[in-house]
Amino acid sequence: MPFEPIKLAPRGTNRITLDKLGRVMLSKRTRVEMKLDPYQYIVAAIDVDKKRVGLAKQELAKVPNATAVKMDKRGYLSPRLGRMIADKLALNLDHAPHYFEYIGRIDEGGVYWYGFELVDESALGKFV
(Lines give C-alpha, C1' and ligand atoms only; values in the text may rest on other atoms or scores of the structure.)
Protein backbone atom coordinates (compact mmCIF):
# COMPACT_ATOMS: atom_id res chain seq x y z
CA MET A 1 0.00 0.00 0.00
CA PRO A 2 1.47 3.42 -0.96
CA PHE A 3 1.96 6.19 1.56
CA GLU A 4 -0.89 8.65 1.86
CA PRO A 5 0.16 12.27 2.47
CA ILE A 6 -1.15 13.97 5.60
CA LYS A 7 -2.24 17.56 5.28
CA LEU A 8 -1.87 19.63 8.43
CA ALA A 9 -3.77 22.81 9.06
CA PRO A 10 -1.51 25.72 8.23
CA ARG A 11 -0.70 27.99 11.14
CA GLY A 12 -1.37 31.66 10.86
CA THR A 13 -4.04 31.47 8.19
CA ASN A 14 -6.50 34.25 7.60
CA ARG A 15 -9.84 32.60 8.33
CA ILE A 16 -12.80 32.32 10.66
CA THR A 17 -14.00 29.15 12.33
CA LEU A 18 -17.52 28.15 13.35
CA ASP A 19 -17.32 25.66 16.23
CA LYS A 20 -19.75 23.13 17.74
CA LEU A 21 -21.02 25.67 20.27
CA GLY A 22 -21.92 28.10 17.49
CA ARG A 23 -19.13 30.52 18.30
CA VAL A 24 -17.37 32.34 15.48
CA MET A 25 -13.63 32.61 16.10
CA LEU A 26 -11.48 35.04 14.17
CA SER A 27 -7.91 33.86 13.68
CA LYS A 28 -5.09 36.04 14.93
CA ARG A 29 -4.11 36.88 11.37
CA THR A 30 -7.70 37.94 10.60
CA ARG A 31 -7.77 40.22 13.65
CA VAL A 32 -4.48 41.79 12.54
CA GLU A 33 -5.69 42.20 8.93
CA MET A 34 -8.92 43.88 10.10
CA LYS A 35 -7.04 45.94 12.75
CA LEU A 36 -9.34 44.67 15.50
CA ASP A 37 -8.80 45.17 19.19
CA PRO A 38 -10.57 43.17 21.91
CA TYR A 39 -14.14 44.24 22.66
CA GLN A 40 -14.68 45.99 19.35
CA TYR A 41 -18.02 45.69 17.61
CA ILE A 42 -18.31 43.89 14.27
CA VAL A 43 -21.12 43.77 11.71
CA ALA A 44 -21.66 40.51 9.81
CA ALA A 45 -23.41 39.70 6.53
CA ILE A 46 -24.12 36.45 4.70
CA ASP A 47 -24.16 35.57 0.99
CA VAL A 48 -26.14 32.32 0.96
CA ASP A 49 -25.63 31.58 -2.76
CA LYS A 50 -21.83 31.67 -2.59
CA LYS A 51 -21.62 30.45 1.05
CA ARG A 52 -19.74 33.54 2.16
CA VAL A 53 -19.59 35.55 5.35
CA GLY A 54 -18.69 39.23 5.32
CA LEU A 55 -17.30 41.08 8.34
CA ALA A 56 -16.74 44.79 8.87
CA LYS A 57 -15.92 47.02 11.81
CA GLN A 58 -19.01 48.73 13.11
CA GLU A 59 -17.58 52.24 12.99
CA LEU A 60 -16.55 51.79 9.36
CA ALA A 61 -19.71 50.04 8.14
CA LYS A 62 -22.83 52.11 7.81
CA VAL A 63 -25.21 49.21 7.30
CA PRO A 64 -28.91 49.84 7.93
CA ASN A 65 -30.82 47.19 9.92
CA ALA A 66 -27.59 45.52 11.04
CA THR A 67 -26.83 44.47 14.59
CA ALA A 68 -23.23 44.67 15.71
CA VAL A 69 -21.70 41.96 17.91
CA LYS A 70 -18.82 42.42 20.30
CA MET A 71 -15.64 40.39 19.91
CA ASP A 72 -14.15 39.12 23.17
CA LYS A 73 -10.45 39.26 24.07
CA ARG A 74 -9.83 35.79 22.55
CA GLY A 75 -11.32 36.66 19.15
CA TYR A 76 -14.72 34.98 19.59
CA LEU A 77 -18.03 36.42 18.45
CA SER A 78 -21.47 35.68 19.88
CA PRO A 79 -22.87 32.13 19.61
CA ARG A 80 -26.14 33.70 18.44
CA LEU A 81 -24.31 34.98 15.36
CA GLY A 82 -22.70 31.60 14.75
CA ARG A 83 -25.99 29.73 15.02
CA MET A 84 -27.61 32.21 12.62
CA ILE A 85 -24.77 31.68 10.11
CA ALA A 86 -25.16 27.90 10.48
CA ASP A 87 -28.92 28.15 9.93
CA LYS A 88 -28.66 30.42 6.88
CA LEU A 89 -25.95 28.27 5.26
CA ALA A 90 -27.57 24.95 6.31
CA LEU A 91 -24.49 23.86 8.28
CA ASN A 92 -24.80 21.17 10.94
CA LEU A 93 -22.98 22.26 14.10
CA ASP A 94 -22.63 18.60 15.09
CA HIS A 95 -20.16 18.30 12.20
CA ALA A 96 -18.24 21.42 13.21
CA PRO A 97 -15.75 22.99 13.04
CA HIS A 98 -16.53 24.70 9.76
CA TYR A 99 -13.83 26.89 8.23
CA PHE A 100 -14.19 30.04 6.15
CA GLU A 101 -11.06 31.16 4.27
CA TYR A 102 -10.37 34.81 3.55
CA ILE A 103 -11.04 35.72 -0.09
CA GLY A 104 -10.38 39.46 0.04
CA ARG A 105 -12.20 42.72 0.52
CA ILE A 106 -15.53 43.09 -1.22
CA ASP A 107 -17.15 46.45 -1.99
CA GLU A 108 -20.93 46.42 -1.85
CA GLY A 109 -22.46 49.85 -2.13
CA GLY A 110 -19.73 51.64 -0.23
CA VAL A 111 -19.39 49.05 2.52
CA TYR A 112 -16.09 47.20 2.39
CA TRP A 113 -16.57 43.68 3.73
CA TYR A 114 -13.79 41.28 4.60
CA GLY A 115 -15.06 38.24 2.72
CA PHE A 116 -14.71 34.65 3.92
CA GLU A 117 -15.85 31.65 1.88
CA LEU A 118 -16.83 28.26 3.29
CA VAL A 119 -14.10 25.68 2.76
CA ASP A 120 -15.13 22.29 1.45
CA GLU A 121 -14.29 19.99 4.38
CA SER A 122 -13.42 17.10 2.04
CA ALA A 123 -10.64 19.25 0.52
CA LEU A 124 -9.15 20.00 3.93
CA GLY A 125 -7.97 16.49 4.68
CA LYS A 126 -7.54 15.26 8.21
CA PHE A 127 -6.12 17.54 10.87
CA VAL A 128 -3.75 15.98 13.32
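In this predicted model, strand S1 (residues 15-18) gives the most to the lining of the largest cavity, with three residues. The cavity count, for a volume of 30 Å³ or more, comes to one.

**Cavity**
- The largest cavity holds about 30 Å³ of space.
- Its lining consists of Ile 16, Thr 17, Leu 18, Val 24, Val 53, Ile 85 and Phe 100.
- Sorted by class, six of the lining residues are nonpolar, one is polar and none is charged.

- In soluble globular proteins, nonpolar side chains tend to be buried together.
- The largest nonpolar core has 22 residues, and those touching the most other members are Ile 16, Leu 18, Leu 26, Leu 55, Leu 77, Ile 85 and Phe 100.
- At least two residues of this core come from each of S1, strand S2 (24-26), strand S4 (52-57), helix H2 (79-88) and strand S8 (111-118).
- Beyond its neighbours within four places in sequence, Leu 26 is in contact with residues including Ile 16, Met 34, Ile 42, Leu 55 and Leu 77.

**Aromatic rings**
- There are two aromatic pairs in the structure.
- One of them is the tilted pair of Tyr 102 and Phe 116, with 5.5 Å from centre to centre and 55° between the planes.
- Tyr 102 belongs to strand S7 (residues 98-108) and Phe 116 to strand S8, so the pair links parts of the chain 14 residues apart.
- Phe 116 counts as buried because its relative accessibility is 0%, whereas Tyr 102, at 24%, is partly exposed.
- Ring pairs join Tyr 102, Tyr 114 and Phe 116 into a cluster.

Definitions and conventions:
Residues numbered from 1 in each chain as written. Predicted model: local features only at pLDDT ≥ 70, side-chain atom pairs only at ≥ 80, totals over all residues. Heavy atoms only, no water. 1 Å grid on protein atoms, 1.4 Å probe; cavity = no way out; pocket = protein on both sides within 12 Å on 5 of 7 lines; lining within 4 Å. Points joined across faces, edges and corners; volume = space filled by probe spheres on them. Helix = DSSP H or I, 4+ residues; strand = E, 2+ residues; numbered from the N terminus. Nonpolar A, V, L, I, M, F, W, Y, C, P; charged D, E, K, R; others polar. Core = buried A, V, L, I, M, F, W, Y, C linked by side-chain atoms within 4.5 Å. Buried < 20%, exposed > 50% of the residue type's maximum accessible area, 1.4 Å probe, protein only. Contact = heavy atoms within 4.5 Å. Phe/Tyr/Trp six-rings, centres within 6.5 Å; stacked < 30°, edge-to-face > 60°.
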